[in-house]
Amino acid sequence: ATLSVRSLFFPLALAGLVLLGVESHAEVYRVNTTADILTLPGSTTISLRSALIEANNIVGPEDSIVLPAGTYTLKIAGIEPPESASHGDLDILDSVTINGAGPDKTIIDGNALDRVFHIHGGLPNDITVKIENLTIQNGRVIDEVHSSGGAGLVNYQKLTLNNVVVRNNSAEKLEGAGIQNEGELFLNKVVIRDNTVVG
């Protein structure tokens with residue numbers, strides 16, 4: 001099994017306007033919609049995608065994204081470049097914790113649109129990512145489009161998965177349907193099942 005993720009700069013006012021690269025204290029983003037949308041400045045609606053974009057834009061302390069129960073289905077298509085959580089998979093470019101309500105309650109569904117998470121390498125600083133208490137499913141990568149496998153997620157940093165299910169992801173002519181790890185990966189109470197490599 002293997003993993004994957006991506007993100008684009010889109011200024012948001014989730015916790016106040018934040019400029020790309022500005023150092024700040026850690027923020028907590030409480031997602032309040034399951035819709036895959038880009039929220040505009042001033043909106044009180046916080047989507048998973050928009051919260052991750054905002055967290056990527058704050059350099060420094062580890063931000064937290066809190067996901068209540070629900071199915072978060074990715075619907076905004078788009079393939080790299082640029083690498084941005086604004087489209088396609090969910091790119092992670094800075095330290096963050098993403099915490100759901102439990103793998104049977106909080107589900108992030110790639111919708112066969114792209115891989116689900118891409119934790120990037122080649123960044124100015126090493127980052128730490130924690131993904132907890134949720135399910136990652138239905139990601140898809142194909143070799144004509146993607147340079148690496150990991151339809152559930154691909155990791156190039158220090159990643160901890162805690163109480164996570166990775167299932168029903170598919171990779172075509174690439175390694176790792178569930179998870180592709182190129183960094184440090186720590187697993188605690190993780191189930192990886194029903195992922196498929198084709199070709």
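Visitor: Over which residues does pLDDT stay under 50?

Guide: pLDDT is the predictor's confidence in each residue, from 0 to 100. In this predicted model, pLDDT stays under 50 over residues 1–22. Where pLDDT is low, the predicted coordinates should not be read in detail. The mean pLDDT of the protein is 85, and 84% of its residues reach 70 or more.

Visitor: What limits apply to the values?

Guide: Residues are numbered from 1 along each chain as its sequence is written, and side-chain values use heavy atoms, without hydrogens and water. The model is predicted, and local features need pLDDT of at least 70, side-chain atom pairs count only at pLDDT 80 or more, and totals for chains, interfaces and linings use all residues.

Visitor: Is Leu-159 buried or exposed?

Guide: Buried means under 20% relative accessible area, exposed over 50%, partly exposed in between (1.4 Å probe, protein chains only). Leu-159 has a relative accessible area of 0%, so it is buried. Leu-159 sits in strand S13, residues 158–167; strands are DSSP runs (E, at least two residues), numbered from the N terminus.

Visitor: Where is Asn-168, and how accessible is it?

Guide: Asn-168 lies in the loop between S13 and strand S14 (170–172). Its relative accessibility is 36%, so Asn-168 counts as partly exposed. Asn-168 has a positive phi of about 55° although it is not a glycine.

Visitor: What is the phi of Lys-189?

Guide: Lys-189, which is not a glycine, has a positive phi of about 55°. Lys-189 belongs to strand S16 (residues 184–193) and counts as exposed because its relative accessibility is 59%.

Definitions and conventions. Contact means heavy atoms within 4.5 Å. Helices (H or I, at least four residues) and strands (E, at least two) are DSSP runs, numbered from the N terminus.
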